[in-house]
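Please find below a note on the model, arranged as numbered points.

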Amino acid sequence: MALSGVGKTYNEPVLNDINLTLYTGRVLALTGENGAGKSTLSKIIGGLISPTTGSMRYLDRPYAPASRKEAEKLGVRMVMQELNLLPTLTIAENLFIDQLPNRVGWINRRRLREMARPAMEQVGLQNLDPDTPVGELGIGHQQMIEIARNLIGDSRVLILDEPTAMLSSREVELLFTQIARFKQRGVALIYISHRLDELARIADDVTVLRDGNLVCTDEIKRYTSDQLVSLMVGRDLDSTFDTSARRRGNPILKVEHFTRGSVLQDISLTLHRGEVLGISGLVGAGRTELMRAIFAADRIDSGQLSVGDPPVPVTLRSPADAIAHRIALVTEDRKGEGLLLPQSVGVNTSLGNSEKISRFAWLSAGREQQLAQEYIKRMRIRTAGTTLDVGSLSGGNQQKVLIGRWLARNCDVILFDEPTRGIDVGAKRDIYLLLNELTQSGKGLIVVSSDLRELMLICDRIAVLSAGRLVETFSRESWSQDAILAAAFSGYQHATGSTDHE
Ligand SMILES: Nc1ncnc2c1ncn2[C@@H]1O[C@H](COP(=O)(O)OP(=O)(O)OP(=O)(O)O)[C@@H](O)[C@H]1O
Ligand SMILES: [Mg+2]
């Protein structure tokens with residue numbers, strides 16, 4: 001596959017004059033800041049959009065797919081950054097959606113299940129029931145289904161756009177094993193990720209995009225991570241991060257004996273003002289479920305929540321109740337529950353800030369703009385203006401809009417579920433600094449992240465969940481990557497001898 005002079009212009013140019021060759025049996029890492037054009041380039045290759053300029057060649061012929069289907073017929077497949085599963089259909093149906101008969105009826109369920117099993121095994125999901133509706137799965141598992149779906153069938157070119165954003169170490173390893181197999185079969189791969197350590201492990205070559213321009217393409221072993229970062233952002237970044245100014249204050253939130261089915265089992269923890277408490281664990285360990293339970297988005301079977309300074313017992317019946325008690329949740333699933341994609345950036349930043357705006361009801365449009373401007377600037381959100389649809393922002397910039405929305409709100413406790421998912425290195429730093437600011441103003445933060453290094457960088461303590469239980473809480477002095485990983489696996493070893501979860 002060879003691209004020459006490929007460019008794309010929406011309101012303004014977002015890709016310029018890209019010349020790139022993909023080689024069989026090699027993995028090309030594609031990297032660059034949020035909005036640099038990585039997904040746009042992938043979608044052009046994958047047939048989802050057509051380039052404004054330039055041309056492509058593939059299999060010794062001009063290549064200009066009119067649709068994703070057409071590209072797939074030629075063996076060009078992509079795992080998209082945003083999940084595209086149908087939540088009401090089962091795992092098996094989602095995996096083989098293209099092969100489902102068009103007419104109603106006549107789905108041979110047994111056959112479908114049989115076909116699904118090996119595909120699920122490839123990504124380590126053999127212990128899930130293929131008849132489970134996808135909507136009932138956690139987002140990490142959904143991402144793995146999305147990956148599995150694209151591993152089925154013959155591909156010659158495979159693009160993975162941020163496939164590991166929601167995965168933790170075990171799942172990443174499984175994916176890497178699959179990638180190695182594809183390489184051996186002579187597939188040409190493009191791998192997009194903001195996790196530079198992953199790129200160094202998996203890729204042969206690297207291409208860096210900056211502002212829609214290709215700034216380098218070469219063998220990856222010639223570059224250190226720091227060099228790649230400066231190529232991406234056009235400046236050196238300080239990779240250290242100082243938490244020494246943190247002052248842990250009074251308790252502000254107490255979770256006691258939270259239990260919900262088998263997903264959460266007798267979880268207790270205390271959060272203080274001015275601290276960042278990290279939650280680590282494997283996909284399916286109960287991290288998101290714990291956040292949702294605290295935020296009253298899900299019912300608990302038993303347990304007691306206390307909030308305030310000092311914490312007093314409360315019964316929260318809904319997220320609105322939680323918000324009234326000054327608890328906020330920044331969700332991991334920006335598409336499912338977070339953002340209104342067809343709405344403007346302005347509307348989206350101010351959602352959840354309604355009281356800040358509605359006091360000036362008759363001024364609201366102007367006020368909304370002002371608030372949005374403030375956060376776009378503060379978080380360096382890359383958008384042509386506050387009236388642009390959030391759906392047309394790059395993935396990472398959508399995430400920033402989501403975070404910006406809650407920062408304006410006056411909350412004492414903020415729960416962040418994968419706050420830097422899909423966010424580039426420079427913007428991650430901006431977010432870490434924001435979190436630090438929040439602690440300095442006396443808020444207590446709980447951060448769920450699959451990126452252990454990130455947690456070790458920004459947290460004061462890290463609680464580890466394993467199979468629905470809180471198995472251990474580490475402090476800065478006592479933690480190490482190995483100890484945390486061992487704790488994350490500990491809950492799975494005794495139960496049934498299987499390492500599966502959920
Ligand atoms: N449909 C669209 N209409 C207008 N602008 C768009 C559209 N799709 C993408 N863009 C713009 O194109 C630029 C590149 O976006 P793209 O999604 O390719 O970035 P990316 O490198 O994948 O970023 P990220 O790391 O955040 O996923 C962004 O500025 C984005 O706002
Ligand atoms: Mg993208």
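This is a predicted model: local features need pLDDT of at least 70, side-chain atom pairs count only at pLDDT 80 or more; totals for chains, interfaces and linings use all residues.

**Ligand sites, backbone and spatial pairs**

1. An oxygen atom of ligand 1 lies 2.9 Å from an N or O atom in the side chain of Asn34. The protein buries 84% of the 640 Å² that ligand 1 exposes when taken alone; accessible areas come from the Shrake-Rupley method with a 1.4 Å probe, and for residues only the protein chains shown count as cover. The side chain of His194 also takes part, with an N or O atom 3.0 Å from an oxygen atom of ligand 1.

2. Residues are numbered from 1 along each chain as its sequence is written, chains are lettered from A and ligands numbered from 1 in the order in which they are written, and side-chain values use heavy atoms, with hydrogens and water left out.

3. Which residues are the closest to ligand 1? They are Gly35, Lys38, Thr40, Ser394 and Gly396, within a shell of 17 residues (a residue is near a molecule or strand if one of its heavy atoms lies within 4 Å of it). By class, the shell holds 4 nonpolar, 11 polar and 2 charged residues. Here Ala, Val, Leu, Ile, Met, Phe, Trp, Tyr, Cys and Pro count as nonpolar, Asp, Glu, Lys and Arg as charged, and the others, Gly among them, as polar.

4. Helix 1 (38–45) and helix 15 (395–407) each contribute at least two residues to the shell around ligand 1, and helix 1 gives the most, with 3 residues. Helices (H or I, at least four residues) and strands (E, at least two) are DSSP runs, numbered from the N terminus. Ligand 1 lies between domain 1 (2–233) and domain 3 (337–410), because both give residues to its shell; the domain bounds come from an automatic or database domain assignment.

5. The magnesium ion (ligand 2) has Ser39 (OG) and Gln81 (OE1) as its protein donors, at 2.0 to 2.2 Å. This pair links distant parts of the chain, 42 residues apart: Ser39 belongs to helix 1, and Gln81 to the loop between strand 6 (76–79) and helix 3 (91–95). Donors are N, O and S atoms within 2.8 Å of the metal (3.2 Å for Na, K and Ca); water is not among the atoms, so sites may look incomplete. Both Ser39 and Gln81 are buried (buried means under 20% relative accessible area, exposed over 50%, partly exposed in between, with a 1.4 Å probe and protein chains only).

6. Ser42 is also placed in helix 1. Its relative accessible area is 1%, so Ser42 is buried. The side chain of Ser42 reaches the backbone oxygen of Lys38 at 2.8 Å.

7. Most residues other than glycine have a negative phi, and most peptide bonds are trans. Leu59, in the loop between strand 4 (53–58) and strand 5 (61–63), has a positive phi near 50° and is partly exposed at 40% relative accessible area. Glu162 has a positive phi of about 55°; this residue lies in the loop between strand 7 (157–161) and helix 6 (169–184) and is buried, at 6%.

8. The peptide bond from Asp309 to Pro310 is cis, with omega near 0°. Pro310 is found in the loop between strand 14 (302–307) and strand 15 (312–314), and Gly308 lies in the loop between strand 14 and strand 15. Gly308 is partly exposed, with a relative accessible area of 24%. Gly308 and Asp412 are 104 residues apart in sequence and 8.2 Å apart in space, C-alpha to C-alpha.

9. Ser55, in strand 4, is 49 residues from Val6 in sequence and 6.0 Å from Val6 in space, C-alpha to C-alpha.

Technical notes
A polar contact is a pair of N or O atoms within 3.5 Å; within protein, one must be able to donate a hydrogen and the other to accept it, and residues adjacent in sequence count only if both atoms are side-chain atoms.
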